[in-house]
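Thanks for coming. I will walk through one structure this morning, starting at the ligand and ending in the loops.

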Amino acid sequence: MNAEPVLHVHPDQEILAAAVARRLVGRLAIAQRERGEATVVLTGGTLGINTLKAVAAEPSRTDVDWSRVNFWWGDERFVAKDSPDRNELQARQALLDLVEVDESRVHPFGSADEHATPFDAADAYAEELREAARLEGGDGAQMPVPTFDVLLLGVGPDAHIASLFPEMAGIREEERTVVGVENSPKPPPQRVSLTLPAINSAAEIWLVVAGDDKAGAVGLALAGAGPVQVPAAGPKGREETLWMLDQAAASQLPDSLLAGGETF
Ligand SMILES: O=C1O[C@H](COP(=O)(O)O)[C@@H](O)[C@H](O)[C@H]1O
C-alpha cells in the first residue's frame with residue numbers, strides 16, 4: 001500500500017540540499033547493510049544536482065560503499081553524450097567522478113550519439129531495466145524494473161516530474177516503463193523518461209523542491225490534483241512518499257498540511 005505523503009520543510013535551498021544529502025547517505029548505507037547493495041534513481045535539475053554536490057561534501061558519505069551503489073536516472077535530455085545539458089554529465093561532475101563507483105552499476109540513458117530517436121533510447125533503457133530486474137529474480141514484480149531503494153524527483157514550475165509534462169502522452173502511459181518525449185515544453189525538446197508506474201515501483205520517492213516559482217505546483221500536487229494535469233501529484237512510493245521543500249516552495253501550502261509536517 002502506498003504511504004501518505006510526508007512533509008519536511010527546511011529554511012532555504014542550501015540547507016535543504018544538505019538535509020537531502022545526509023538522508024540519502026543514511027538510506028543507502030542502511031540498504032547496503034540489509035541487501036549488500038543499494039539502488040538510487042537520480043534526478044536532474046538545479047536542486048537535484050546541488051544535492052549530489054552536497055553528498056560529495058557530506059562527511060558521512062564514507063558510510064556508503066559507492067562501488068556497491070546502483071545508479072539509474074529518472075529522465076534524461078536526448079542530446080549528445082558530452083552535452084552539458086545531460087543530467088548524466090552533471091551528476092558525474094557533481095558526485096560520481098568524486099567517489100569510487102563501479103561503472104557496471106552506473107546506468108545512464110543512451111544519448112543522441114547512440115540512438116536515432118528518443119523512442120529508441122527509451123526501448124534500450126526499458127530493456128536494461130528488465131535485465132536488471134531479471135538478474136535480481138524480480139520477474140514476478142508488476143513492473144520489469146529492479147528494486148529502487150530511493151528515487152529522487154525534482155518538480156518544475158509547471159509541475160512536471162522527470163520528463164513527464166502536464167497533459168502530454170508520457171504522463172498518461174500505463175504499460176511501459178520508459179517513454180521517449182518529443183516537443184517538451186522545457187528545452188531541450190527531445191527527452192527520455194521513466195513513466196509514472198515505473199517511478200511508483202520505488203520503495204521511497206523523495207520529491208525535492210526549492211523556490212517560490214515551484215510553490216503553486218507543490219500546492220496543487222499536495223491538494224490532491226490529478227496527475228495528468230499536475231504530474232507531481234502522481235508519485236506514490238511503496239513505502240514512503242517524502243516531500244522535502246524549502247520554505248519558499250512550501251509557501252502556498254495550507255496551514256493544515258504544514259501542521260502535519262516537520263519544520264526544521
Ligand atoms: O529538465 C529537467 O527539469 C526538472 C526540474 O528541474 P529544476 O531545475 O526546475 O529543478 C528535473 O527534475 C529533470 O530531471 C530535468 O531533466
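How do the residues of the shell around the ligand divide into nonpolar, polar and charged? There are two nonpolar, nine polar and three charged. For these classes, Ala, Val, Leu, Ile, Met, Phe, Trp, Tyr, Cys and Pro count as nonpolar, Asp, Glu, Lys and Arg as charged, and the others, Gly among them, as polar.

Before going on, a word on the source. This is a predicted model, in which local features need pLDDT of at least 70, side-chain atom pairs count only at pLDDT 80 or more, and totals for chains, interfaces and linings use all residues. Residue numbers start from 1 along each chain as its sequence is written.

Back to the ligand. It has 14 residues around it, and Thr43, Gly44, Gly45, Thr46 and Gly154 come nearest. Near here has a cut-off: the C-beta atom of the residue, placed from the backbone, lies within 6 Å of the molecule or strand. Helix H2, residues 46–57, and strand E4, residues 75–77, each supply at least two residues of this shell. H2 gives the most, with three residues. The helices (H or I, at least four residues) and strands (E, at least two) are DSSP runs, numbered from the N terminus.

Now to the packing of H2. Two packed helices are described by the angle between their axes and the distance between the axes. The axes are lines fitted to C-alpha atoms, for helices over the stretch in contact, and angles run from 0 to 180 degrees between N-to-C directions.

Take helix H1, residues 13–35, with H2. Their angle is about 60 degrees, and their axes are 8 Å apart. H1 is therefore oblique to H2. On that scale, angles under 35 degrees are roughly parallel, over 145 roughly antiparallel, 65 to 115 roughly perpendicular, and the rest oblique. The crossing of H1 with H2 is right-handed. As for the term, a crossing is right-handed if the near helix is turned clockwise from the far one by less than a right angle, and left-handed if anticlockwise. On the H1 side the contact is made by Gln13, Ala17, Ala18, Val20, Ala21, Leu24 and Val25, and on the H2 side by Leu47, Asn50, Thr51, Ala54 and Val55. Two residues are in contact if their C-beta atoms, placed from the backbone, lie within 7 Å. This contact of H1 with H2 has nine nonpolar, three polar and no charged residues.

H2 also packs with helix H3, residues 87–96, at an angle of about 20 degrees, again with axes 8 Å apart. H2 is therefore roughly parallel to H3. Their crossing is right-handed. H2 contributes Ile49, Leu52, Lys53, Val55 and Ala56 to the contact, and H3 contributes Gln90, Ala91, Ala94 and Leu95. By class, that contact has seven nonpolar residues, one polar and one charged.

Next, some residues in loops. Arg86 sits in the loop between E4 and H3. Is Arg86 buried or exposed? It counts as buried because it has 23 C-beta neighbours inside 10 Å. The cut-offs are 20 or more other C-beta atoms within 10 Å for buried, 12 or fewer for exposed, and partly exposed in between, with C-beta atoms placed from the backbone. Arg86 touches Glu76, Arg77, Val79, Lys81 and Ser111, leaving out residues up to four places away in sequence.

Ala162 lies in the loop between strand E6 (150–153) and helix H5 (169–172). Its phi is positive, about 45 degrees, although it is not a glycine. Ala162 is buried, because 34 C-beta neighbours lie inside 10 Å.

Asn183, in the loop between E7 and E8, is another residue other than glycine with a positive phi, near 60 degrees. Asn183 is exposed, because it has 10 other C-beta atoms within 10 Å. Pro188 lies in the loop between strand E7 (178–181) and strand E8 (191–194), and the peptide bond from Pro187 to Pro188 is cis, with omega near -5 degrees.

Last, Ala203, in the loop between helix H6 (196–199) and strand E9 (204–209). With 16 C-beta neighbours inside 10 Å, Ala203 counts as partly exposed. Ala203 and Glu239 are 36 residues apart in sequence, yet their C-alpha atoms are 5.1 Å apart in space. Beyond four places in sequence, Ala203 touches Thr147, Phe148, Asp149, Gly237, Arg238 and Glu239.
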